[in-house]
Amino acid sequence: MDCWKGDVGRSWIYPTLIICANGFFSTMRPSESFLTPYLTGPDKNLTIEEVTNQIFPVWTYSYLVLLFPVFLITDYVRYKPILLLQGVSFIITWLLLLFAHGVAAMQVVEFFYGMVTASEVAYYAYIYSVVSTDHYQRVTSYCRSITLVAATVAAVLGQLLVSLANVSYFHLNAITLASVSLAFVCSFFLPMPQKSMFFHRKDVSETFPAPDKVVATVCSDGPSSCQEDKGSAPADRGPTAEQQPDKAKPQNHVLRVLVQLSQDLRDCYSSRKLLYWSLWWALATAGFNQVLNYIQVLWDFRAPSHSSAVYNGAVEAIATFLGSATSMAVGYVKVNWDLSGELALGIFSAMDAGSLFLMHFTDNIWACYAGYLVFKACYMLLITIATFQIAVNLSMERYALMFGFNNFVALVIQTILTVVVVDSKGLGLDISTQFLIYGSYFAFIAGIFLIRSIHTIISIKCRNTTVAGESIDH
């Protein structure tokens, strides 16, 4: 029996099953699509203005404050403790949602939910610390797929329970509490990792696979789109053995790791290609998260939940499916993203802007739903391309570092948007006007990358013309 337990502990199958179970139950939250109707309904009796301008902004602020320290602590304590902390934060969040009342209590809810989202990095990072590199692609696929399945199941289940069984929003939240509690229980059974990416490297000679084997196989048939540009040479590998801090004195170990991380960031962003893709990532992710945070408020404004049928769950399910479909489609499209990537960023960002303008100018809830579906599908398409374009030339460690830093920059931008546009201490704009601002924001992003793409195309044509002329002369 002991030998069997030892084999299971060393196998990649056992931790993958447990982390996938944790991911499923933590994402299977049927009440989440109906949060705004719940807060503004008879259970909590809050106004739209209180929810929009006083409660929801707290999540953005707490997420910003917690993200960077949690990112570092997650690696230092080797992931599992942070997954346990996330489970506790989930349970506190939904206990307060069920039984607490008032604006201050709901602001505390948003703080703990900020802890939940800041801890999400541990979910994906954990599995790479307990399985061999040979299984990275497979376990990444499992971990990502199970969360998409759970999100779809949660949205469909929530909609069916509300529309067909007349289940109250309170009982939906009780189901969510049970689900996140199961996720917390699952995290106890995870093996404790013996290594981490930065602070506890098991072997300085160990190398990680290129993240194109982990994140996607977009360029498997198109090597021309995966070639590195001249400016990305410094970013193509992780720290060398001489740079590793593992043999440093304990009191200097953390400092040396932080210095190494800062040097790695500088090297990564010295690549013009990585810089532009990261710029889009940060700008678009900030806008995307802002829209997701307030879309239910807009829906409730267009069709008040106390007097209209609510189809939030069905819309979220369809949006998740479309987002998954567009992300998968990228893997089957043979495009030279080095040449056409910025044009795609500009065009689809313009489509995002158009969908947000539609949501502002229309009073029809179905048009709002349709605009949201287009918005989310376009973003998921582009973020998949951006993820691969950033990851393809980086080691696993550097990709994780850029992923964390890009999300941090996005959160800083989102916080600025929240303070200026949403918060009652700023402009405190009504929800419809907010979406006019968000549409203009994405139009600005589209303009940047359309101008960049036109400049790139003209430069390439001029270069080709020059080369052709020199060939004729010879």
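**Helix packing and burial in a predicted model**

Modeller: In this predicted model, helix α5 (residues 80-99) packs against helix α7 (residues 121-128) at an angle of about 150°, and their axes are 9 Å apart.

Biologist: Why are α5 and α7 called roughly antiparallel to each other?

Modeller: Angles over 145 degrees count as roughly antiparallel. The angle here is about 150°, so α5 and α7 are roughly antiparallel. As for handedness, α5 passes α7 in a left-handed crossing.

Biologist: Which residues make the contact?

Modeller: From α5 they are K80, I82 and L83, and from α7 they are A122, Y123 and Y126. Five residues of this contact are nonpolar, one is charged and none is polar.

Biologist: What makes the length of helix α2 close to the expected one?

Modeller: Helix α2 (residues 13-27) has 15 residues. The expected span is 1.5 Å times one less than the number of residues. That gives 21 Å for α2, and its first and last C-alpha are 21 Å from each other.

Biologist: Which residues of α2 are buried?

Modeller: They are P15, T16, I18, I19, C20, N22, G23, S26 and T27.

Biologist: How do you know whether T384 counts as buried or exposed?

Modeller: Buried means under 20% relative accessible area. T384 has 16% relative accessibility and therefore counts as buried.

Biologist: Where is the place of T384, and with what is T384 in contact, leaving aside its neighbours within four places in sequence?

Modeller: T384 lies in helix α14 (residues 365-391). With those neighbours left aside, T384 is in contact with S327 and V330.

Methods:
Residues numbered from 1 in each chain as written. Predicted model: local features only at pLDDT ≥ 70, side-chain atom pairs only at ≥ 80, totals over all residues. Heavy atoms only, no water. Axes fitted to C-alpha atoms, helices over the stretch in contact; angles between N-to-C directions. Helix = DSSP H or I, 4+ residues; strand = E, 2+ residues; numbered from the N terminus. Parallel < 35°, antiparallel > 145°, perpendicular 65-115°, else oblique. Left-handed = near helix turned anticlockwise from the far one by under 90°. Contact = heavy atoms within 4.5 Å. Nonpolar A, V, L, I, M, F, W, Y, C, P; charged D, E, K, R; others polar. Buried < 20%, exposed > 50% of the residue type's maximum accessible area, 1.4 Å probe, protein only.
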